[in-house]
Amino acid sequence: SLLKEDYNAKYSKEFYRQLKKIRVPKGKLGLHLEYTDEGLIIGDYSPDCKIKNLINIGDEVVRLNGVNLKDMSLDEAQLLFLNKQNCKRVIHIFRQY
């Protein structure tokens, strides 16, 4: 169809998202990550999540302390978050707007 070949329709998600850098404290964050076609996203968070005022459900998590999460499995990404929980961290997310 014409819509499938429309450049703007095909790449609109790339145009309407913003990369955000979030500094996160030591310890468990309370994030529930999910792997989707879009990548690794924040699917939910616990009521005691330390950064709930900085994130949105649906944010795509792309880096943790400079490590690209794009090609990691959900288990690999969760293990990386677990291994880094005793130090200060920086995550980069893409947020749709």
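The legends below accompany an overall view and several close-up views of a predicted protein model.

**View 1. Overall fold and confidence of the predicted model.** The protein contains three helices and six strands, which follow one another along the sequence in the pattern α-α-β-β-β-β-β-α-β. Mean pLDDT for the protein is 87, with 85% of the residues at 70 or more. Among the elements, the lowest mean pLDDT, 58, belongs to helix H1 (residues 2-5), whereas strand S4 (residues 60-64) has the highest, 96. Of the 97 residues in the protein, 33% are buried. Among contacts with a separation of 6 or more, 57% are made by residues 24 or more positions apart.

**View 2. The largest nonpolar core.** This core has 19 residues, and the members that touch the most other members are Leu 31, Ile 51, Val 61, Leu 69, Phe 81 and Ile 91. At least two residues of the core are supplied by each of S1, strand S2 (31-36), strand S3 (39-45), S4, helix H3 (74-83) and strand S6 (89-96), and the largest share, three residues, comes from H3.

**View 3. Surroundings of Leu 69.** With its neighbours within four places in sequence left aside, Leu 69 is in contact with Leu 40, with Val 61, Val 62, Arg 63 and Leu 64, and also with Leu 80 and Phe 81. Two of these partners, Val 61 and Phe 81, are listed together with Leu 69 among the core residues that touch the most other members.

**View 4. Asp 59, a buried residue in a loop.** Asp 59 lies in the loop between S3 and S4, and because its relative accessible area is 2%, below the 20% limit, Asp 59 counts as buried. The side chain of Asp 59 reaches the backbone nitrogen of Asn 56 at 2.7 Å, and a polar contact of 2.8 Å joins this side chain to the side chain of Arg 95. Beyond the neighbours within four places in sequence, the contacts of Asp 59 are with Leu 40, Ile 41 and Ile 42, and with Ile 93, Phe 94 and Arg 95.

View 5. Although Tyr 16 and Gln 96 are 80 residues apart along the chain, their C-alpha atoms are separated by 5.8 Å. When residues up to four places away in sequence are not counted, Tyr 16 touches Arg 95, Gln 96 and Tyr 97.

**View 6. Arg 17 over the ring of Phe 94.** Arg 17 lies over the face of Phe 94, at 3.6 Å from the ring centre. Phe 94 is also one of the residues in contact with Asp 59.

**View 7. Backbone of Asn 65.** Asn 65 is found in the loop between S4 and strand S5 (67-68), and its phi is positive, about 50°, although Asn 65 is not a glycine. Most residues other than glycine have a negative phi. Asn 65 counts as partly exposed because its relative accessibility is 33%.

Key: Residues are numbered from 1 along each chain as its sequence is written. Side-chain values use heavy atoms; hydrogens and water are left out. pLDDT is the predictor's confidence in each residue, from 0 to 100. Helices (H or I, at least four residues) and strands (E, at least two) are DSSP runs, numbered from the N terminus. Contact means heavy atoms within 4.5 Å. A nonpolar core is a set of buried Ala, Val, Leu, Ile, Met, Phe, Trp, Tyr and Cys residues joined through side-chain atoms within 4.5 Å. Buried means under 20% relative accessible area, exposed over 50%, partly exposed in between (1.4 Å probe, protein chains only). A polar contact is a pair of N or O atoms within 3.5 Å; within protein, one must be able to donate a hydrogen and the other to accept it, and residues adjacent in sequence count only if both atoms are side-chain atoms. A charge sits over a ring if NZ of Lys or CZ of Arg is within 6 Å of the ring centre and within 35 degrees of the ring normal.
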